[in-house]
Amino acid sequence: MKDAVMRKTTTIKKIVKGKTFADVGGLWGTKGEMVTQALSAGATRAAMIDKLDKSSEWWERFDKHCSDKGFQKYEKIIHDISAPKTAKKIGRFDVVHCSGVMYHLHDIIGFISNLLSISNEYLLVTSEVLPSTIENSKGRIHLDDNGAICVPYLSKESLNVLREYFRIENRNAMGITSNAVFFNRSTLTPNFGPWWWLFTAEFMSRLVSGFPVEIMDEGFSKNKKIYQILVRRL
Ligand SMILES: C[S@@+](CC[C@H](N)C(=O)[O-])C[C@H]1O[C@@H](n2cnc3c(N)ncnc32)[C@H](O)[C@@H]1O
């Protein structure tokens with residue numbers, strides 16, 4: 001793990017020229033999308049991959065956003081990145097970026113594995129992380145670097161400490177600051193809206209480096225709330 005600040009957009013711009021690119025889970029909000037950044041830096045092909053189905057207003061808003069920036073040629077792929085046989089279904093890209101998705105998924109190991117399976121060369125994965133110790137008026141919890149905490153199974157006491165932490169930071173975290181339904185009642189499949197996992201930057205770095213990859217760079221976002229890791233497949 002590195003304590004330094006890493007600039008995500010600069011990193012993508014440095015590696016993507018002449019390569020194919022995919023942004024996984026970049027749709028919501030459109031502000032964090034990297035498709036137009038990759039194309040402007042010389043990517044030969046760029047795709048937005050997201051789980052939201054075609055009725056979601058965000059696909060239309062994404063088209064408008066791209067068009068406003070002068071881009072017409074890009075791909076839109078509706079896909080759940082945690083689905084089995086992902087590479088077979090959606091193909092591979094030289095550079096894969098995914099931010100703000102990891103903590104929403106119940107299977108974070110399968111998630112990294114699937115991201116790597118669709119990457120020919122580079123994967124840049126970023127996620128919200130928490131400090132090792134959180135202490136406030138509601139108590140204290142410790143997040144061990146050796147593991148992650150599973151949100152649906154938090155004790156009432158821990159939940160209170162975390163709720164207070166997010167309240168002070170003025171942030172929303174479904175499942176912590178508001179109630180969430182973790183499993184779809186009829187299909188029993190896990191929902192992707194709530195936070196499933198809480199982990200430290202050290203844990204995230206260990207999880208990613210457990211795969212056959214070379215870490216090219218890693219570091220925090222400017223506000224230190226997000227950790228970013230760039231790896232090359234071995
Ligand atoms: C919190 S937003 C992050 C948006 C953007 N990447 C950013 O960092 O600002 C999460 C996005 O991931 C998508 N998403 C969540 N789970 C997903 C999954 N299993 N497969 C693909 N996309 C997913 C959501 O639809 C949403 O667009």
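## Terms and basis

Two strands are said to pair if DSSP finds at least two bridges between them. Helices (H or I, at least four residues) and strands (E, at least two) are themselves DSSP runs, numbered from the N terminus.

The model is a predicted one, in which local features need pLDDT of at least 70 and side-chain atom pairs count only at pLDDT 80 or more, whereas totals for chains, interfaces and linings use all residues. Residue numbers start from 1 along each chain, following its sequence as written.

Strand 5 covers residues 119–128, and because eight of its 10 residues are buried, it is largely enclosed by the rest of the structure. Here a residue counts as buried if 20 or more other C-beta atoms lie within 10 Å of its own, as exposed if 12 or fewer do, and as partly exposed in between, with the C-beta atoms placed from the backbone.

Strand 4 (residues 93–99) runs parallel to strand 5 and is joined to it by six bridges, with H97 standing opposite L124 of strand 5. Between these two strands the chain passes through helix 5 (residues 108–117), and this β-α-β crossover is right-handed, a term meaning that, with the strands pointing away from the viewer, the path from the first strand over the helix to the second runs clockwise. Strand 5 is also joined by seven bridges to strand 11 (residues 226–233), this time in the antiparallel sense, and L124 stands opposite L230 in strand 11.

Strand 6 (residues 133–136) and strand 7 (residues 139–142) form an antiparallel pair over four bridges.

## Two domains

The chain is divided into domain 1 (8–129 + 199–233) and domain 2 (132–194), with bounds that come from an automatic or database domain assignment. The C-alpha centres of domain 1 and domain 2 lie 24 Å apart. Nine residues from domain 1 and eight residues from domain 2 take part in the contact, where two residues are in contact if their C-beta atoms, placed from the backbone, lie within 7 Å.

On the side of domain 1 that touches domain 2, four residues are nonpolar, three are polar and two are charged. In this classification Ala, Val, Leu, Ile, Met, Phe, Trp, Tyr, Cys and Pro count as nonpolar, Asp, Glu, Lys and Arg as charged, and the others, Gly among them, as polar.

## Around the ligand

The ligand is surrounded by 19 residues, of which the closest are G25, W28, G32, K51 and G100; a residue is near a molecule if its C-beta atom, placed from the backbone, lies within 6 Å of it. By class, this shell has eight nonpolar, eight polar and three charged residues.

## Loop residues

Most residues other than glycine have a negative phi. K85, in the loop between strand 3 and helix 4 (86–90), has a positive phi near 55°, and K85 counts as exposed because it has 9 C-beta neighbours inside 10 Å. L188 likewise is not a glycine but has a positive phi of about 65°; L188 is placed in the loop between helix 6 (156–168) and strand 9 (197–198) and is exposed, with 7 other C-beta atoms within 10 Å.

K73 belongs to the loop between helix 3 (57–68) and strand 3 (75–78), and K73 counts as exposed because it has 8 C-beta neighbours inside 10 Å. The C-alpha atom of K73 is separated by 8.2 Å from that of A46, although these residues are 27 residues apart along the chain.
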